[in-house]
Amino acid sequence: MKDETKCLHSGYTPGNSEPRVVPIVQSTTYVYDSTEEVAAVFDDPTKSLIYSRFANPTVMAVEDKIADLEGGVGAMCTTSGQAAVLLSILNICSIGDNFISTTEIYGGTVNLFSHTLKRLGIECKFIGKNATDEEIEAAFDDRTRLVFGETIANPALTVFDIERFASAAHKHGVPLIVDNTFATPILCKPIEFGADIVVHSTSKYMDGHALQIGGVIVDGGKFDWTNGKFPEITEPDVTYHGLSYTETYGNKAYIIKARMQLMRDFGVYPAAHSSFLLNLGLETMAVRMKQYCENAMTVAKYLQSVEQVESVCYPGLEGDENYALSKKYLKGCSGVISFVLKGGKEPAVKFMNSLKLASNEVHVADIRTCVLHPASETHRQLSDEQLAAAGIESGMVRFSVGLENVDDIIADLENAFAAIG
């Protein structure tokens with residue numbers, strides 16, 4: 001490959017000077033010196049760059065940063081959080097397999113698990129996060145391939161007992177995949193508590209500015225894929241001349257298979273410019289997360305004093321049912337609060353329509369305060385039973401506290417509560 005591209009691949013500009021920011025390599029294509037060199041890379045794409053459907057130097061720099069933040073051995077960015085979740089499962093599940101997930105997860109993920117994957121012949125078995133050990137044990141069978149949960153559930157804000165579910169998964173020789181979107185690695189590193197794979201919607205707190213959709217899969221590098229349950233990782237891949245991922249790549253087998261096989265076939269790789277913007281968010285994430293947590297705690301305590309509010313769910317509140325788990329796993333509880341208004345959907349919608357500073361939008365974890373009614377918006381595809389299982393009531397409001405002055409946020413809330421009487 002040409003020397004200039006090699007320099008960009010390594011993250012440095014010609015002359016060995018280090019760039020102040022991650023450079024944008026706005027190219028689909030990379031030039032090689034010979035046909036033999038191209039052939040060698042198609043035999044093993046980890047040797048160099050092939051095409052920006054697989055990998056791009058800008059994106060790779062961001063992948064390395066996220067892997068370091070989570071304590072993983074490698075990462076792969078995707079075009080959305082849903083794509084990251086999908087590929088993390090398809091990487092080790094085939095037709096006839098099943099996996100276990102807690103019910104307290106994002107509504108779009110419930111739809112993916114309940115319907116789309118089912119049409120592909122992969123079954124999801126849902127259990128509550130508070131299921132007994134016996135109920136969890138009963139969910140496993142010889143075709144179960146993984147366990148899935150969210151560190152802080154969206155929008156129920158329940159806290160996932162990572163160690164408990166990791167123990168159950170490992171007892172049966174399968175990995176635990178954790179969606180760490182709301183916590184970010186600033187507030188929780190699931191791999192340290194036994195998770196094997198971590199996924200994110202990078203569109204949320206990692207970006208922080210609502211600029212681009214994206215996702216990422218992080219490989220913890222600690223799971224033993226050679227236990228006999230995962231032939232797709234250990235046995236020869238005929239599409240790469242009989243290569244075995246575990247034999248060739250060791251503890252990076254999972255994430256390299258995801259890139260070489262699934263990213264090759266699905267092509268859900270982000271653009272260089274999107275990753276450039278994501279990197280800007282990553283550079284301020286630690287500072288922002290601290291302020292989100294402080295603002296949210298102030299707002300949560302205020303909401304507890306409001307007569308029209310039936311209940312407030314924020315894991316950082318001492319009376320919250322998830323308080324003990326939040327202290328065990330989290331260094332803060334993010335900026336998202338769920339609360340239920342008395343009277344159900346009608347007053348909740350009127351309240352939201354009366355807000356001025358907070359934006360009514362289908363987003364969360366922004367620098368700007370935003371609000372959403374899950375039952376009629378993001379989770380409207382769920383049945384009443386699924387809504388109940390996910391902890392979503394008709395009067396629930398998901399309130400994502402931004403970085404505005406917290407007194408201004410509370411003033412906006414006060415005006416909206418006054419409007420509903």
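In the predicted model, His-200 stands opposite Val-216 in strand 7. This pair belongs to the contact between strand 6 and strand 7, which pair in the antiparallel sense over five bridges. On the other flank, strand 5 is joined to strand 6 by three bridges, and these two strands run parallel. Within that pairing, Asp-179 is placed opposite Val-199 of strand 6.

Strand 6 (197–201) is mostly covered, with five of its five residues buried. In a regular strand, side chains alternate between the two faces of the sheet. In strand 6, Ile-197, Val-199 and Ser-201 point one way, whereas Val-198 and His-200 point the other way, and all are buried.

The parallel arrangement is also found between strand 4 (residues 144–150) and strand 5 (residues 176–179), which are joined by four bridges. Here Phe-148 stands opposite Ile-177 in strand 5.

These strands form part of an open sheet of seven strands with the order 1-7-6-5-4-2-3 and mixed pairing. Its edges are strand 1 (74–78) and strand 3 (123–127), each of which pairs on one side only. From one strand to the next, the twist averages 20 degrees.

Terms used: Residues are numbered from 1 along each chain as its sequence is written. This is a predicted model: local features need pLDDT of at least 70, side-chain atom pairs count only at pLDDT 80 or more; totals for chains, interfaces and linings use all residues. Side-chain values use heavy atoms; hydrogens and water are left out. Two strands pair if DSSP finds at least two bridges between them. Axes are lines fitted to C-alpha atoms, for helices over the stretch in contact, and angles run from 0 to 180 degrees between N-to-C directions. Contact means heavy atoms within 4.5 Å. Buried means under 20% relative accessible area, exposed over 50%, partly exposed in between (1.4 Å probe, protein chains only).
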